[in-house]
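Please keep the sequence and the 3D view at hand while reading.

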Amino acid sequence: MSIITAPMAAASKRLRHALTERFGISGHAGPEPLVVPVGTADAFRPDEDPYGALRARATVHLTAQAVLIGPWGATDEATAACGGCLARRWQRLRSRSERDALEVGTRMAGAGVWPVLPDYAVDTVWAVYEAVLLGGRPAAAGRPAGEWHTAADLPLPQVSRVDLATLRVTTLPLLPEPLCPACAVPAAPREEPELTSRPKPGPDASRLRPADSYPLPRGALANPVCGALGEGTWLNVASPTTSPVAGSVFVRTYAGLSDVTWSGQANSFAASRTLAFLEGLERYAGIHRRHGDEPVVAAYEDVRDHAVDPRVCGTYAPETYRDDPMVEPFDPAREIPWARGHSLRDGRPVLVPMRSVYYGAGLHSDNFVFESSNGCATGGCPEEAVLFGLLELVERDAFLLGWYGRARLTGIDLSSCRGGAVRAMADRAALMGYDVRAFDNRVDLDIPVVTAVAVRRDGGPGTLSFAAAARLDPEEAVEAALSEVLTYLPHLDRQVAEHRADLEAMAEDFSLVRQLTHHARLYGLPRMARHAREYLEPVSVRTMDELYGATRRRPTDDLLDDVLRCRDELVRAGFDVIVVDQTAPEQERMGLRTVSTVVPGLVPIDFGWDRQRVLGMARLRTAFRRAGWRTTDLADEEIRRVPHPFP
């Protein structure tokens, strides 16, 4: 890529000369200022960066709007970062047009002399440089906990930003880049996960510790200069059902730049922000490989004795491969990258296609499917992450079987739920003009799955909203499903109104349903309610005791027992259970683990009508017979060939 960077290069040269002059006069013995421009070349391709050899050692980084000084003040060698780390983190936060220009453009030209660096701006930069890099200032000195610094941020390297328009100085924490070619520590091959006993705080607990107990460096995770997850978070103070907090960042995937949003939904903004950061970290670890364990590259036919056959996980219809230029049929003779996994059924290593595990990664050689975060989960230990990953797989599998199989699910009498949370959520929905319903969505697996549906009473826009949840405790499954469905109600009618013409076109031609958001919004149209008749006219409604028995749960003091219950139920049904460790180095320091759970043969969730693997899978046709609901397999004409409403 040829890049013309004359204005920024000239400004960097002027700034370095001015700072070096002041450094010489000052008599300091510290590091001499080394200035490089940022935003003139792709930081992820250092070989094509004119400043690639200097960037890691640079202490002053000139952007078009500001001067960044640092990194400085790290108190632990394990958290140290370099200028290359800063450049990469900074670049990820740029706008779509900036990132495309840097990363996929062929030529950029600077216009005019910019940035302008008057003496007073240079004096300010020098004063900050002298204070933080020459004065031996520790990162925590004078930095109280606040918007950009929590206790977990203080030991991290810091970056001081001087705004060239206002001269405002802001100091922000920086997480080291785990794959930085200049300073990342070579990673040892990851050991196979060995699940172990994990005593729980109580028999009914699913998590070992509260979400707010993890040392999350919130300033380093979300700040406008080098946030690992995005520029910041925003609140929805108008939501009448929950206290939502969300953030987003552009992520480069095989489909281009994707706007990845992460969010938390709880009853307080503080709790929601914590959940949002945890979800953001989970997606950060799952979209791309962040650790240094290199993938295995091989053709399936050469590793088939210890690898997952992608075709067992479902394939698209032949016409999709024929008409969609983004995908091609799987070729067992073609070399593809594989991630190292571990079979919990067989106790042995198993290779899993990288594209099936890291859902933002992809090469032309493995473009046989689009994957999602289905089965990815985060916990405080591998067992916790595996449990919730498997529950998510079971949840989506059951929901899609119920939808496409036209299952007549049994309704749940919400008044029979013991806790007050269900009643409170139903009341909140009623205040918004919705009735909420819940259904026992188990098919052939003895793991509680609940599907929730919110129905607008007057039949107006935002007519139906769906969600589902799987938990070992059915009461928890009901609460989780209702909580999820309530998060969509405050803005569903507005979204339908804003996109009404497009949604009406989708209702006429399902091939126009192409994105994740299309599925849920489509059922905001009143006319789509006729496709969901089974959820509006349940054949029966039963109490929790009638559905799940008097015990409702099998309490245990060990989290491992919960994991093994899920594993054994899946193995009993004929499936393997595979775990791939996705944990990013940043998460390890926070006491978090992220995994991708893979159960070949379960129905996977897909978004886009032409990319529904479920429609061709044997499980859709056999599951109801296996469950004893019928004596024959489901026939093709019995399948509901209408896009699912899963959000």
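Helices (H or I, at least four residues) and strands (E, at least two) are DSSP runs, numbered from the N terminus. Ser12 has its place in helix α1. The model is a predicted one, in which local features need pLDDT of at least 70 and side-chain atom pairs count only at pLDDT 80 or more, while totals for chains, interfaces and linings use all residues. Residues are numbered from 1 along each chain as its sequence is written, and side-chain values use heavy atoms, with hydrogens and water left out.

Buried means under 20% relative accessible area, exposed over 50%, and partly exposed in between (1.4 Å probe, protein chains only). Is Ser12 buried or exposed? With a relative accessibility of 4%, Ser12 counts as buried. Contact means heavy atoms within 4.5 Å. Apart from neighbours within four places in sequence, Ser12 is in contact with Val35, Val36, Pro37 and Leu62.

Helix α1 also meets helix α5: from α1 come Leu15, Ala18, Leu19, Arg22, Phe23 and Ser26, and from α5 come Asp119, Val122, Asp123, Val125, Trp126, Glu130 and Leu134. By class, this contact of α1 with α5 has 8 nonpolar, 1 polar and 4 charged residues. In this count, Ala, Val, Leu, Ile, Met, Phe, Trp, Tyr, Cys and Pro are nonpolar, Asp, Glu, Lys and Arg are charged, and the others, Gly among them, are polar.

Ala127 lies in α5 and, at 41% relative accessibility, counts as partly exposed. Ala127 and Arg22 are 105 residues apart in sequence, yet their C-alpha atoms are 9.9 Å apart in space.

Axes are lines fitted to C-alpha atoms, for helices over the stretch in contact, and angles run from 0 to 180 degrees between N-to-C directions. A crossing is left-handed if the near helix is turned anticlockwise from the far one by less than a right angle, and right-handed if clockwise.

| Pair | Axis distance | Angle | Crossing |
|---|---|---|---|
| α1 (residues 6–26) and α5 (residues 119–134) | within 10 Å | roughly 55° | right-handed |
| α11 (residues 382–404) and α18 (residues 559–572) | 9 Å | about 35° | left-handed |
| α12 (residues 421–431) and α13 (residues 474–498) | within 10 Å | roughly 20° | left-handed |

Angles under 35 degrees count as roughly parallel, over 145 as roughly antiparallel, 65 to 115 as roughly perpendicular and the rest as oblique. Helices α12 and α13 are therefore roughly parallel to each other. Where they touch, Ala421, Val422, Met425, Arg428 and Ala429 in α12 meet Val478, Glu479, Leu482, Ser483, Leu486 and Leu489 in α13. The residues of this contact divide into 8 nonpolar, 1 polar and 2 charged.

In the pair of α11 and α18, the residues that meet include Leu387 and Leu390 in α11 and Val563 and Leu570 in α18. The contact of α11 with α18 has 10 nonpolar, no polar and 4 charged residues.

**Backbone details**

Which residues does a cis peptide bond join? The bond is between Gly70 and Pro71, with omega about 0°. Pro71 is found in strand β4 (residues 66–72).

Leu167 is not a glycine but has a positive phi of about 65°. Leu167 sits in the loop between β6 (158–163) and β7 (169–173) and is partly exposed, with a relative accessible area of 25%. Arg406, also not a glycine, has a positive phi of about 50°. The loop between α11 and β15 (410–412) holds Arg406, which counts as partly exposed at 38% relative accessibility.
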